[in-house]
Amino acid sequence: MLGKFIAIEGLEGAGKSTAIDIIKSKIEAAGHKVICTREPGGTPMAEAIRACVKQPWQDEKVTVEAELLLMYAARAQLIANVIKPNLEAGTWVIADRHDMSSQAYQGGGRQIPTDVMEPLRSITLKGFTPDLTLYMDVEPSVGLQRARGRGELDRIEIEDISFFERTRARYLQLCQDNPKAKIIDTMQDMPLVHRDVEQSIKDYLQYVAQVTC
Ligand SMILES: Nc1ncnc2c1ncn2[C@@H]1O[C@H](COP(=O)(O)OP(=O)(O)O)[C@@H](O)[C@H]1O
Ligand SMILES: [Mg+2]
């Protein structure tokens, strides 16, 4: 694949959208074409799944299994219709969430065992993984407070704090096990977070330039 696939991960209010703006402009400045995606979503069908996953459904209990399968259905659509064709055309793709979100939220937060998730990952991803992951780390209480500032919380955002603590713990563990993942401390003041994001992307662009020349 010619383009590079960069995933931005983290809890709500971690600063993913803010980081994506910075990363996009740095990569464009380096001369690459860039598109941004979000998950779940990013194709007409996947956006319908996103709306389905986020709404409250009143008296109907949303099972962890249904939520898990919907996330992977949306991801399959996005990879096949948007991410891979763009990478093959040489466009870089910046993803607002990707598979690490499912591993952290469904695996860590919802406590779905890894041996249940692995077959789904394997069917959907077929070994496809981001070239770089930036995980924006935040304490759940701080992130949720920031997210509340932008309006009403959705079905997942109203989970209790222990759900987000488990999700964050799994994120941190996944990053430790992944040499292509970097952790950005977003408890710092914004200018320092921006500096760290810029440095990470600068290092990555340098690395790509080295290995391709
Ligand atoms: N390091 C930070 N310190 C304080 N506020 C932040 C920080 N990073 C992001 N914010 C603010 O928190 C809110 C949520 O950030 P956003 O980038 O939308 O997070 P996400 O996309 O991860 O949900 C925004 O209002 C943003 O300006
Ligand atoms: Mg966002």
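Me: Where is Trp 57 found?
Reply: Trp 57 sits in the loop between α2 and α3. Helices (H or I, at least four residues) and strands (E, at least two) are DSSP runs, numbered from the N terminus. This is a predicted model, where local features need pLDDT of at least 70 and side-chain atom pairs count only at pLDDT 80 or more, while totals for chains, interfaces and linings use all residues. Residues are numbered from 1 along each chain as its sequence is written, chains are lettered from A and ligands numbered from 1 in the order in which they are written, and side-chain values use heavy atoms, with hydrogens and water left out.

Me: Why is Trp 57 called partly exposed?
Reply: Buried means under 20% relative accessible area, exposed over 50%, and partly exposed in between (1.4 Å probe, protein chains only). Trp 57 has 32% relative accessibility, so Trp 57 counts as partly exposed.

Me: What is the phi of Trp 57?
Reply: Phi is near 60°. That is a positive value in a residue other than glycine.

Me: What about Arg 97? How do you know whether Arg 97 is buried or exposed?
Reply: Arg 97 has a relative accessible area of 12%, so Arg 97 is buried. Arg 97 also has a positive phi, about 80°, although Arg 97 is not a glycine. Its place is the loop between β3 (92-96) and α4.

Me: Which peptide bond is cis, with omega near -10°?
Reply: The bond from Glu 39 to Pro 40. Pro 40 lies in the loop between β2 (34-38) and α2.

Me: On to the helices. How are two packed helices described?
Reply: By the angle between their axes and the distance between the axes. Axes are lines fitted to C-alpha atoms, for helices over the stretch in contact, and angles run from 0 to 180 degrees between N-to-C directions.

Me: What makes α2 and α3 roughly antiparallel?
Reply: The axes of α2 (residues 44-54) and α3 (residues 64-88) cross at roughly 160° and come within 9 Å. Angles under 35 degrees count as roughly parallel, over 145 as roughly antiparallel, 65 to 115 as roughly perpendicular and the rest as oblique. The crossing angle falls in the antiparallel range, so α2 and α3 are roughly antiparallel to each other.

Me: Is the crossing of α2 and α3 left-handed or right-handed?
Reply: Left-handed. A crossing is left-handed if the near helix is turned anticlockwise from the far one by less than a right angle, and right-handed if clockwise.

Me: Which residues of α2 and α3 meet?
Reply: Met 45, Ala 46, Ile 49, Cys 52 and Val 53 in α2 meet Leu 70, Met 71, Ala 73, Ala 74 and Gln 77 in α3. The residues of this contact divide into nine nonpolar, one polar and no charged. Ala, Val, Leu, Ile, Met, Phe, Trp, Tyr, Cys and Pro count as nonpolar, Asp, Glu, Lys and Arg as charged, and the others, Gly among them, as polar.

Me: How do you know how α3 is oriented to α5?
Reply: The axes of α3 and α5 (residues 114-125) come within 9 Å and cross at roughly 15°. That makes α3 roughly parallel to α5. The crossing is right-handed.

Me: Which residues of α3 and α5 meet?
Reply: Leu 68, Leu 69, Tyr 72, Arg 75, Ala 76 and Ile 79 in α3 meet Met 117, Leu 120, Arg 121, Thr 124 and Leu 125 in α5. By class, this contact has eight nonpolar, one polar and two charged residues.

Me: Why does Thr 167 count as buried?
Reply: Thr 167 has 0% relative accessibility, so Thr 167 counts as buried. Thr 167 is placed in α7 (residues 161-176). Contact means heavy atoms within 4.5 Å. Not counting residues up to four places away in sequence, Thr 167 touches Leu 11, Ala 104, Tyr 105, Gly 108 and Gly 109.

Me: Why does Gln 103 count as buried?
Reply: At 17% relative accessibility, Gln 103 falls under the limit, so Gln 103 counts as buried. Gln 103 lies in α4 (residues 99-109). Neighbours within four places aside, Gln 103 contacts Gly 108, Met 117, Arg 121, Arg 170 and Leu 174.

Me: What makes Ile 184 count as buried?
Reply: Its relative accessibility of 2%. Ile 184 lies in strand β5 (residues 181-185).

Me: What is the largest nonpolar core?
Reply: A set of 40 residues, where Ile 8, Ile 23 and Val 197 have the most contacts inside it. Helix α8 (residues 190-212) gives the most to this core, with six residues. A nonpolar core is a set of buried Ala, Val, Leu, Ile, Met, Phe, Trp, Tyr and Cys residues joined through side-chain atoms within 4.5 Å.

Me: What does Val 197 touch?
Reply: Ala 19, Ile 22, Ile 23, Leu 134, Met 136 and Ile 184, not counting residues up to four places away in sequence.
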